[in-house]
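Dear colleague,

Please find below the structure that I am handing over to you.

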Amino acid sequence: MTGSPTQGIRTVLHPVSDLAQAKEVYAALLGVQPQTDESYYVGFEAAGQHIGLVPGGGPQGMTSPVAYWHVPDLQAKLAEVTAAGATVKEPAHDVGGGRLVATVVDPDGNVLGLLQDG
């Protein structure tokens with residue numbers, strides 16, 4: 001089976017209970033300060049990856065980290081993975097700047113993120 005390719009995992013979001021404390025830990029781990037520092041989201045750019053901290057798991061109710069596969073065509077990739085047996089958890093939506101995200105659940109319950117840059 002061939003379909004639209006991915007551009008790899010370049011974004012990982014982590015649910016956190018204490019945003020201020022998590023920000024300090026991740027800054028120490030990554031060796032950089034956050035590029036985005038808001039009460040609802042803290043984001044770091046390090047080594048070609050985006051690491052995001054989501055307080056309380058955010059509106060999507062994250063309970064564990066979610067790796068986001070970057071794809072050139074989110075709708076096409078959603079169609080491919082759902083046809084292969086995944087189910088949509090979070091439908092595609094714009095999170096700002098034309099960036100689209102969605103999550104699916106594989107047959108074993110693992111949450112997979114999909115991200116298309118605007």
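**A network of charged side chains**

Arg-99 is partly exposed, since its relative accessible area is 29%. This residue forms a salt bridge with Asp-117, and the closest N and O atoms of the two are 2.6 Å apart. Distant parts of the chain are linked in this way: Arg-99 belongs to the loop between E6 and E7, Asp-117 to the segment after E8, and 18 residues separate them. Through salt bridges that share partners, Arg-10, Arg-99 and Asp-117 are joined into one network.

Please note that this is a predicted model. The mean pLDDT of the chain is 93, and 98% of its residues reach 70 or more. In the chain, confidence is highest in helix H1 (residues 19-30), at 97, and lowest in strand E6 (residues 87-94), at a mean of 95.

In general, side chains of opposite charge can pair when their charged atoms come close.

The count of salt bridges comes to four. One of them joins Glu-80 to Lys-77, with 3.0 Å between the closest N and O atoms. Both residues lie in helix H2 (residues 74-83), three residues apart, which is about one turn of the helix. Glu-80 is partly exposed, with a relative accessible area of 23%, whereas Lys-77 is buried, with 10%.

**The sheet**

Eight strands form an open sheet in the order E2-E3-E4-E1-E5-E8-E7-E6, and their pairing is mixed. Strand E2 (36-38) and E6 stand at the edges; each has a single partner strand, so one side of each is left without a neighbour in the sheet. On average, neighbouring strands of this sheet are turned by 20 degrees against each other, direction ignored.

Which strands are joined to E8 by bridges? Strand E5 (residues 66-70) runs parallel to E8 and is joined to it by three bridges. Here Tyr-68 stands opposite Gly-113, and Trp-69 stands opposite Leu-114. Strand E7 (residues 100-105) runs antiparallel to E8, with six bridges between the two; Leu-100 has Gln-116 in E8 as its bridge partner. E7 and E8 form a hairpin with five residues between them, and Gly-109 in the turn has a positive phi of about 90 degrees.

**Two leucines in strand E8**

Are Leu-112 and Leu-114 buried or partly exposed? Leu-112, in strand E8 (residues 111-116), has a relative accessible area of 31% and is partly exposed. Leu-114 also lies in strand E8, but this residue counts as buried because its relative accessibility is 5%, and buried means under 20%. The C-alpha atoms of Leu-114 and Gln-75 are separated by 9.6 Å, although the two residues are 39 apart along the chain.

Leu-112 also belongs to a nonpolar patch on the surface, which it forms with Ile-9 and Trp-69; together the three have about 220 Å² of accessible area.

Yours sincerely

Methods: Residues numbered from 1 in each chain as written. Predicted model: local features only at pLDDT ≥ 70, side-chain atom pairs only at ≥ 80, totals over all residues. Heavy atoms only, no water. Patch = residues over 30% accessible without salt bridge, like charges linked within 9 Å, V, L, I, M, F, W, Y side chains within 5 Å. Areas by Shrake-Rupley, 256 points an atom, 1.4 Å probe, with all protein chains shown as cover. Salt bridge = Lys/Arg side-chain N within 4 Å of Asp/Glu carboxyl O. Helix = DSSP H or I, 4+ residues; strand = E, 2+ residues; numbered from the N terminus. Buried < 20%, exposed > 50% of the residue type's maximum accessible area, 1.4 Å probe, protein only. pLDDT = per-residue confidence, 0-100. Pairing = 2+ DSSP bridges. Axes fitted to C-alpha atoms, helices over the stretch in contact; angles between N-to-C directions.
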